[in-house]
Amino acid sequence: MPSTIGWLDTTVEQQRIAREMVSLFMVSESRDELGIGQIRDVMSNWMFPGTSVLQARARYFVLVPWCHLVAEQRARRRGRDLAQQVREVQLEMIETMRRDHGDAEGLIGKQSGRALKGLPRDLFWTGLMTFDIRRSEGDLPRRRGPVEGEVTEMANRQPTAWDPDLPAVPEGFPNDVPGGLDMSAEEAQWLYERMRTDREDTYLAHLLALDPALIDVAGAPWEVATNTPFASVRHAQQFSLVMEGASLLYNLLVAERYEDHSDLNRLDGVDLGARYRDKIADWSIRLTSTAPPGSWDLDEFISEVNSRNHRISHRTWAFVVDWVTLLQHEGPEAVADSPEARRLITARESRKGAKSRLTDNSKTLETWSGDSGSGALTYRWPVIKRLLLDINQGRGTQEVANVDA
């Protein structure tokens, strides 16, 4: 019987987190073999508040509010449950998009249609609240009839919890979605302002104001410009570089055990151990030349992360501190053969119990693809680039770009 993940009686935010976790399992570079995902997510949110790996296209920041506004009108007019109407309007929009814009990159529900579980509202709600597009968590009251003698504009105005400057819902929506997932100039300018207003000190707001050409060629957040004034970006780069070595060593140890099992031959023809030793050697040079561990204010980093998420376990922090301390004392070039480095990774892996790959159990090793989470942490960067591209193209500041979605 196949395994499944489900949730009952959970908040929208809890559902978003669960879906993001499932999505991360689909991306090899994002697999959290060492259990540092909570720290990674804090850094992602610090740099790019209101975003997630599930936000494929920026126009959903407009489409979801439109779905709500149409649903509110239907609920008042027909006296029906608002939540059900919100769901139904989203499903109608999905069917329209599949019919008229089926080739659009990042289209939610392209395959599942009305059977889709994670609707656009679930994926974008946190961002809608963060950017003050949605001004209230609660459901809206039904429109009351005018009190006798109270025939005023205020009495007849439709109550709404949405930004009053939200672009108007187009006629025929959701049975017609003009433009598909491409933003109009008005929509892009509005979202640009919502993401920047009162958030000018975030890296996301900073990127929106830059030349799009700088973003297009960057493979990571810190590659947009050197000597960034943003502490979030400096810490994110250092954490990514430092922990990349731990991930590479983890894969080297798995590779050695895999090669020791003669019954495992699915990955024959590749010298896995040599490949990861070469990667560790390359990482060592990059770390030493770019940001050696001794130059990193680790205490400041821990303080910043804990101030944003105090629930990160002591064991996780102990592992990070021990790894950084080892790099400072032994040097990154010694990692591949360091007994202490190997002990640290093995001890960290032991938290998985019977599911650990660093055992003599060939059943856990046979599921290894040859690469499990060895890529550098880039903190949602491909998604962020896509969102920025959508906004810049809508505003007319960028016509063509190559983005890894």
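**Figure 1. Asp132 in the loop between α5 and α6.** Asp132 lies in the loop that runs between α5 and α6 (helices: DSSP runs of H or I, at least four residues; strands: runs of E, at least two; both numbered from the N terminus). The model is predicted: local features need pLDDT of at least 70 and side-chain atom pairs pLDDT 80 or more, while totals for chains, interfaces and linings use all residues. Numbering starts from 1 along each chain as its sequence is written, and side-chain values use heavy atoms, without hydrogens or water. Asp132 follows α5 and has a positive phi, near 60°. Asp132 is not a glycine. Most residues other than glycine have a negative phi. Asp132 is partly exposed, at 28% relative accessible area (buried: under 20%; exposed: over 50%; partly exposed: in between; 1.4 Å probe, protein chains only).

**Figure 2. Helix α5, mostly covered.** Helix α5 spans residues 120–130. Eight of its eleven residues are buried. Pro120, Arg121, Asp122, Leu123, Phe124 and Trp125 belong to that buried set. Gly127 and Leu128 complete the list.

**Figure 3. The whole fold, for orientation.** The protein has 16 helices and zero strands. Of its 405 residues, 49% are buried. Take the contacts in the protein with a separation of 6 or more: 74% of them join residues 24 or more positions apart (contact: heavy atoms within 4.5 Å). The accessible surface is about 19,900 Å² (Shrake-Rupley, 1.4 Å probe; for residues, only the protein chains shown count as cover). Carbon and sulfur atoms hold 49% of that surface.

**Figure 4. The largest nonpolar core.** This core has 112 residues (buried Ala, Val, Leu, Ile, Met, Phe, Trp, Tyr and Cys joined through side-chain atoms within 4.5 Å). Helix α10, residues 231–260, gives the most to the core, with 15 residues. Seven members touch the most other members: Leu191, Leu207, Phe239, Leu249, Phe301, Trp323 and Ile345. Leaving aside neighbours within four places in sequence, Phe239 is in contact with Ile36, Ile39, Arg40, Trp296, Phe301, Val320, Leu377 and Tyr379.

Figure 5. The structure holds 14 aromatic pairs (ring centres of Phe, Tyr or Trp, its six-membered ring, within 6.5 Å; planes under 30 degrees apart are stacked, over 60 edge-to-face, the rest tilted). In the Trp66–Phe173 pair, the centres are 5.5 Å apart and the planes stand at 75°, so the pair is edge-to-face. Trp66 is in helix α3 (residues 60–78) and Phe173 in the loop between α6 (153–156) and α7 (185–196), so the pair ties together parts 107 residues apart in sequence. Trp66 is buried, at 2% relative accessibility. Phe173 is buried too, at 7%. The peptide bond from Phe173 to Pro174 is cis, with omega near 10°. Most peptide bonds are trans. Pro174 lies in the loop between α6 and α7.

**Figure 6. Further ring pairs.** Trp296 and Phe301 form a tilted pair, 4.9 Å centre to centre, with 50° between the planes. Trp296 is buried, at 9% relative accessibility. Phe301 is buried at 0%. Elsewhere, ring pairs link Phe48, Tyr203, Phe230 and Trp381 into a cluster.

Figure 7. Arg308 lies over the face of Trp46, 4.0 Å from the ring centre (NZ of Lys or CZ of Arg within 6 Å of the centre and within 35 degrees of the ring normal). The charged end of Arg395 sits over the ring of Tyr192, 3.8 Å from its centre. Arg386 lies in helix α16, residues 381–395. Arg386 is buried, at 9% relative accessible area. A polar contact of 3.3 Å joins the side chains of Arg386 and Glu105 (N or O atoms within 3.5 Å; within protein, one able to donate a hydrogen and the other to accept it; residues adjacent in sequence count only if both atoms are side-chain atoms).

Figure 8. Ser232 is found in helix α10. Ser232 is buried, at 5% relative accessibility. Beyond its neighbours within four places in sequence, Ser232 is in contact with Met43, Trp46, Met47 and Tyr203.

**Figure 9. Tyr379 and its positive phi.** Tyr379 sits in the loop between α15 (362–365) and α16. Its phi is positive, about 55°, although Tyr379 is not a glycine. Tyr379 is buried, at 3% relative accessible area.
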